[in-house]
Amino acid sequence: MAGLDARDTRFLLIVVALTLFTPILLQPFPESSSLAQFNAGYPDLMQRFAIFGIFAIGFNILFGLTGYLSFGHAAFLGVGSYATVWMFKLLSYNVLPGLILAVITSGLFALLIGYISLRRSGIYFSILTLAFAQMSFNLAYSVLTPITNGETGLQVYTDDPQYLLAEGGLTTTHIFGLAMNKSLVAPVGGWEFTFNVGYYFCAVIAIAAFYLSLRIFRSPFGMMLRAVKSNQQRMSYTGLNTRPYTLAAFVISGMYAGLAGGLMASMDPLAGAERMQWTASGEVVLMTILGGAGTLMGPVLGAGFIKYFENIFSKINDNVLHGWFAFLPDGLEDLLVTIVHPFVGKGWHLTLGLLFMLVVIFLPGGLVEVGQRLRRLFTRRGGTPDAADPRHAPKSAPHVAE
Amino acid sequence: MDAILLQILNGLDKGSAYALIALGLTLIFGTLGVVNFAHGALFMLGAFCAVTLQRILTFSFETVDDSRTDFLGNPLKVETPYVEAWFGPQTGGAIIDWSVPLAILFAIPVMISIGFAMERGLIRHFYKRPHADQILVTFGLAIVLQEIVKYFFGANPIPTPAPESFRGALDFGILLGFDPNVIIYPYWRLVYFLFAMTIIGGVFAFLRYTTFGMVVRAGMADRETVGLLGIDIDRRFTVMFGIAAAVAGLAGVMYTPINAPNYHMGMDFLVLSFVVVVVGGMGSLPGAVLAGFLLGILESFASMNEVKAILPGIDQIIIYLVAIIILLTRPRGLMGRRGVMEE
């Protein structure tokens, strides 16, 4: 179906099903239970899953396939956000023109930066992209204030022209009249499911983005990018100019980032320079590596994982901890709470940093590798002859190139 | 003329910090071949060594002074640092006042042991892994170190003043025959610059004139051959990692009076220091120092109002701009050796 073989079609269908049923799947605990705090089925968080999923999928096309580690991808996210908010300010709250402009501007921006940065590889490439992103960030804060509104952040004011806004038209973001913040809340038994327009809008785009990346992975173009990663020198010696391929990958991933930025602004019509800071670029690197760079599902998993735990962990405070360990004797309870305390709540970044280090050290394949190992363990136990024959299933390449 | 001189002086202290961090980064890269994204965190840890020592020295006990009362009429509670009780108010007060310079003594062993632990515990397992992996793992480590410091010291900057006698400013212009109050330069920045020069001189002398340094230089040039000669080069490189950590730490200690330390100061410096290293040339020690001072001074020139009037915002991006131009036109940097990480 749609240019995919049977296996990929099945894979895609599973992804589609998972995405569409997310509001139900992420709400496994009844509202009244004490575990309800682990539910993640509320619109804001689900939107972020989809948006950061798109961002990470795009980043993976560059990093996972070609091995070029960009530390400046947040710049494209920021550009996308600004472009979309400008469309809100000039036309109306319909998100479509904004998203189109976001993809176009970030694509052009990526073309410019990529054209220069890709003259170098390895660590120089990382530093060049980092330098460009920091430059954009600094400029957005200072000189470009007329465009970016500086520290306040770009937002829509009532005296903005909004030429296409009809009398009495919607004053929240919408797609052809369907407001993004509209939700259908369905109480079923003890459960409460929220079906939000904004989430489904992001989800449909995320599925399209995923499909596109699947096609890229399976295409001759994707093969070429993998070849760049495994041995660029050999590619050059065979008389092939790799620059157009890497540049194309860079621009595509920049456009994904711009799309994600545009969606962010579509959910909440704001854009600030801090979205371009290098810590934001670092975040998408974390997501991709944590999930498994170079795999299809990995970045999405990583993005979901980080966003979910960021949300859940930062909500856990000492009271919650005391509740958990209440069954223990008092002294032990206090001790455990003291030990766990630095890692939760505001300390979530500490946990994230540790987790990330552990993944880089022990599991270069990320969460996907964990899944694969578990499955291999399982199949071997089951006694079926597995496919891990070294001669027939070549070893997977290390996830990063020199 | 005086304006130019003033900007050069202003650029020196920031340039010193860049040069010191870049020197450490280059030492690590040149010896171990590791790209250390946690080096900024080492700078930050050094600064917090100074904060810790200050906290230790001002550790106080409380006594009730019956002869005086506070504004509610209760007997006044007086906090006396233990140091003052032991050494008398005069000496004790001086010790507290001099806590930042004293922190140098405190920071050297601490930073060297942190450097050892880092190298033995983590970095050595990454010699053979690709540069991207090294960047990623040290980036993770930087986040962890930063969060630990944040947990213990909070998110706000902690003021750590310089000793009383260095708090004023030197009227530098008079010495050169300008009018008074034209070129004023705070004493501590002068101290910082001289300190940086001493450290840089010390590291270079160590590498140049000691047998240990000679072996290390030989190892930088050809690690395998030095190993074949029966020298345990890994151990010496570990020592160099400790020294690089100490250099970054000392840069941090002395920087605290200039800017009150907070937990993300390392990251702020790290990005710039990497740019400095690249401009100077990966693996070139003199290049790192030169580029550090050069970029520090350039940055301070770019923040002159006259320059900003012509090119708005130039002060924000000058360093990155220079780095981009250098990388595109001369990839091995100002003083990089031919063939080292040039592609």
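**View 1. Polar contacts between chain A and chain B.** In this predicted model, 2 residue pairs, both at pLDDT 80 or more, are in polar contact between chain A and chain B. A polar contact is a pair of N or O atoms within 3.5 Å; within protein, one must be able to donate a hydrogen and the other to accept it, and residues adjacent in sequence count only if both atoms are side-chain atoms.

**View 2. The side of chain A that touches chain B.** Here 41 residues of chain A meet 40 of chain B in contact, meaning heavy atoms within 4.5 Å. About 3700 Å² is buried between the chains, with carbon and sulfur atoms giving 80% of that area; buried area is the accessible area (1.4 Å probe) lost by two parts on being put together, summed over both. Look for A:Ile123, A:Tyr124 and A:Trp278, which lose the most area in chain A, together 19% of what that side buries.

View 3. Strands β4 (residues 183-188) and β5 (residues 191-196) of chain A pair in the antiparallel sense over 6 bridges. Strands are DSSP runs (E, at least two residues), numbered from the N terminus, and two of them pair if DSSP finds at least two bridges between them. A:Leu184 has A:Phe195 as its bridge partner. In the turn, with 2 residues between the strands, A:Gly189 has a positive phi of about 60 degrees.

**Notes.** Residues are numbered from 1 along each chain as its sequence is written, and chains are lettered from A in the order in which they are written. Local features need pLDDT of at least 70, side-chain atom pairs count only at pLDDT 80 or more, totals for chains, interfaces and linings use all residues, and side-chain values use heavy atoms, leaving out hydrogens and water.

Key. Helices (H or I, at least four residues) and strands (E, at least two) are DSSP runs, numbered from the N terminus.
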